[in-house]
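Here is a short briefing on charged side chains and where they pair up. Have the model open as you read, and pick out the residues as they come up.

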Amino acid sequence: MACAQGLTACPWCDDGPRSDSAVKQILLTMNEKQSFIIEDLDDHHVVIKADEEWRVRRELEDELEKNTYNQE
């Protein structure tokens, strides 16, 4: 997968999950535990290691689910 800027494994662009600064903060925290960010581009974009993409997506999804309000 490539981002709109031609970067590999960008989780922010149209072909990936939508982002905001909170999501990026979660990614930065996850990166402290196991490094996968290659470059921090701006407020909404990071470049991650291509071979870590699916692991990062799964972990991010798990983190986002923890923070989702459920009305049940």
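This is a predicted model: local features need pLDDT of at least 70, side-chain atom pairs count only at pLDDT 80 or more; totals for chains, interfaces and linings use all residues.

The structure holds five salt bridges, and the points below look at some of them, including the one between Asp40 and Lys24.

**A link between a strand and a helix**

- Asp40 pairs with Lys24 in a salt bridge, with 2.4 Å between the closest N and O atoms.
- Asp40 belongs to strand 1 (residues 37-40) and Lys24 to helix 1 (residues 21-33), so this pair ties together parts that are 16 residues apart in sequence.
- On the Asp40 side, the relative accessibility is 43%, which counts as partly exposed.
- Lys24, in contrast, is buried, and its relative accessible area is 7%.

- Arg55 meets Glu52 in a salt bridge, at 2.5 Å from N to O.
- Arg55 also forms a salt bridge with Glu59, at 2.9 Å from N to O.
- Helix 2 (residues 53-66) contains both Arg55 and Glu59, which sit four residues apart, about one turn of the helix.
- Through shared partners, the salt bridges join Glu52, Arg55 and Glu59 into one network.

**Burial within the network**

- Arg55 is buried, with 16% relative accessible area.
- Glu52 also counts as buried, at 14% relative accessibility.
- Glu59 is partly exposed, and its relative accessible area is 30%.

How values were computed: Residues are numbered from 1 along each chain as its sequence is written. Side-chain values use heavy atoms; hydrogens and water are left out. A salt bridge is a side-chain nitrogen of Lys or Arg within 4 Å of a carboxyl oxygen of Asp or Glu. Helices (H or I, at least four residues) and strands (E, at least two) are DSSP runs, numbered from the N terminus. Buried means under 20% relative accessible area, exposed over 50%, partly exposed in between (1.4 Å probe, protein chains only).
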